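Student: I have a model on the screen and would like to learn how to read it. Can we go feature by feature?

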Amino acid sequence: MSNHTHSAFLMHVPTRLLFGAGQLENLHAEALPGRKAMIVISNGKSTRANGYLDRLTGQLDKAGIACAIFDRVEPNPLNSTVNAGGRFAREHGCDFIIALGGGSCMDAAKSIALIAVNDGDYWDYIPSGTGKGKSVSNRPLPIVAITTTAGTGSEADAGTVITNEKTHEKTGFVHPDLFPALSIVDPELMLTVPPLFTAFQGFDALFHSVEGYVSNGTNLMSDMYALEAIKHISRYLPRAVADGSDLKARTHVAFGNTLSGYVMCVGRCTSEHSLEHALSAYHQELPHGAGLIMISKAYFTHLIERHVADERFVRMAQAMGMPEAADPMDFITMLDRLQRDCGVSGLRMSDYGIAPEEFGKMAHNARETMGFLFQCDRAELSVEDCVSIYRKSYL
């Protein structure tokens, strides 16, 4: 496939976005899309402990909006949790969903919004793997996304990723009615994210744009967003990891993350994401960003060795802070440096219980469950290529 950018693109991002420090305080003044909110938060303690939930309910009180709190979302949200969330929304008479948290909460909220008003099991609607590809007959409940991390860009796109724990499938679903009606990106809510998770999330955001920039679906708009996102994240993520209270660094990383969400609306990810989803489908405790970091150097080195987008890898190295970059492998040099600067260069698959004998099964899982991303690659990855990338990444 040629390296040129297509000039044609379709852009539709209907989400109203409030960006900046302190924007949560403006929620009450916004036109909210319902009268009773189902607030979706994680099953951890941080949202309550950091006072974010109280601040949100205070805003809803001011706006005269009732709410019910669903606090069961896992770091890799499960199909069973989504189905339980749909029942919760119906039982409590909620007419819109507010996600308060990271990508997991936003993705769970989107999927809950769908199943709250449509029959059957959420997995029936999944178009790949064991899903039945059932069409969505009723419009999902409106969604408000308040992100407390800079990782998935889910506040800016119409996609959601859920894990089916029974079948070990982790896959995405995209529907135009899953764009949030309103999103708030307030970097003040990100100041409490611990250093390691700041790094994991930042790399997830980075790879959305890196993959988007070397996919076969590039265009003028996706290129603009991707390069700008790569620049902001790679230059400010080490600062945010080193000092979580650095609001300027948090703001730039959050901006890069939201841009990466736009990349997914107007461009596409590649099979790197499929390969990671297969890892965490079998190892629920593996954070998505950590899995991406582990396979990234081998994955992008494989693409560079195939010469799929030489000039693009050079341009990304330049955007990451090496103006003199002239060789595609300079990108790997800068990626390695960024991982070291963020303290994540020593991640080991074995620490998460991943064993080499699983690689064949995972390669097949990636292609069967998220085969659609393989179609976004500039050069086809075989099952053997996938296994080789896993092997080279194994520590």
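**Reading the model**

Tutor: Start with a pair: the side chains of Arg367 and Glu380 meet in a salt bridge, at 3.8 Å from N to O. Arg367 lies in helix H12 (residues 359-369) and Glu380 in the loop between helix H13 (371-374) and helix H14 (383-393), so the pair ties together parts that are 13 residues apart in sequence. This is a predicted model, in which local features need pLDDT of at least 70 and side-chain atom pairs count only at pLDDT 80 or more, while totals for chains, interfaces and linings use all residues. Residues are numbered from 1 along each chain as its sequence is written, and side-chain values use heavy atoms, with hydrogens and water left out.

Student: What counts as a salt bridge, and what counts as a helix or strand?

Tutor: Side chains of opposite charge can pair when their charged atoms come close. A salt bridge here is a side-chain nitrogen of Lys or Arg within 4 Å of a carboxyl oxygen of Asp or Glu. By this rule the count comes to 16 salt bridges. Helices (H or I, at least four residues) and strands (E, at least two) are DSSP runs, numbered from the N terminus.

Student: Which parts does the salt bridge between Asp157 and Lys110 tie together?

Tutor: First the pair itself: the closest N and O atoms of Asp157 and Lys110 are 2.9 Å apart. Asp157 lies in the loop between strand E5 (143-147) and E6, and Lys110 lies in helix H4 (residues 103-115), so the pair ties together parts that are 47 residues apart in sequence. Both Asp157 and Lys110 are buried. Ile97 belongs to strand E4 (residues 96-101). With 0% relative accessibility, Ile97 counts as buried.

Student: Which residue forms a salt bridge with Asp246?

Tutor: Arg239 does, at 3.0 Å from N to O. Asp246 is buried, with a relative accessible area of 16%. Arg239 is partly exposed, at 37% relative accessibility. Salt bridges can also form a network, as with Lys297, Asp336 and Arg340.

Student: How do I check a helix, say H9?

Tutor: Compare its length with the expected span, which is 1.5 Å times one less than its number of residues. Helix H9 (residues 288-305) has 18 residues and should span 26 Å; its end C-alpha atoms are 25 Å apart, which agrees. Then look for bends. The bend at a residue is the angle between axes fitted to the seven residues ending there and the seven starting there. H9 has a kink of about 50 degrees, centred on Ser296. H9 is also mostly covered, with 16 of its 18 residues buried.

Student: What should I look for in backbone angles?

Tutor: Most residues other than glycine have a negative phi. Just after H9, His307 takes a positive phi of about 55 degrees. His307 lies in the loop between H9 and helix H10 (310-319). At 54% relative accessibility, His307 counts as exposed. His168 has a positive phi of about 55 degrees too, although it is not a glycine. His168 sits in the loop between strand E6 (159-164) and strand E7 (169-174). His168 is partly exposed, at 32% relative accessible area.

Student: Which residues make the nonpolar surface patch?

Tutor: Phe9, Met11 and Leu220 make a patch of about 270 Å². Patches are made of residues with over 30% relative accessible area and no salt bridge: like charges are joined within 9 Å, and nonpolar side chains (Val, Leu, Ile, Met, Phe, Trp, Tyr) within 5 Å. Accessible areas come from the Shrake-Rupley method with a 1.4 Å probe; for residues, only the protein chains shown count as cover. Leu220 is in helix H6 (residues 220-242). Leu220 is exposed, with a relative accessible area of 54%.

Definitions and conventions. Buried < 20%, exposed > 50% of the residue type's maximum accessible area, 1.4 Å probe, protein only.
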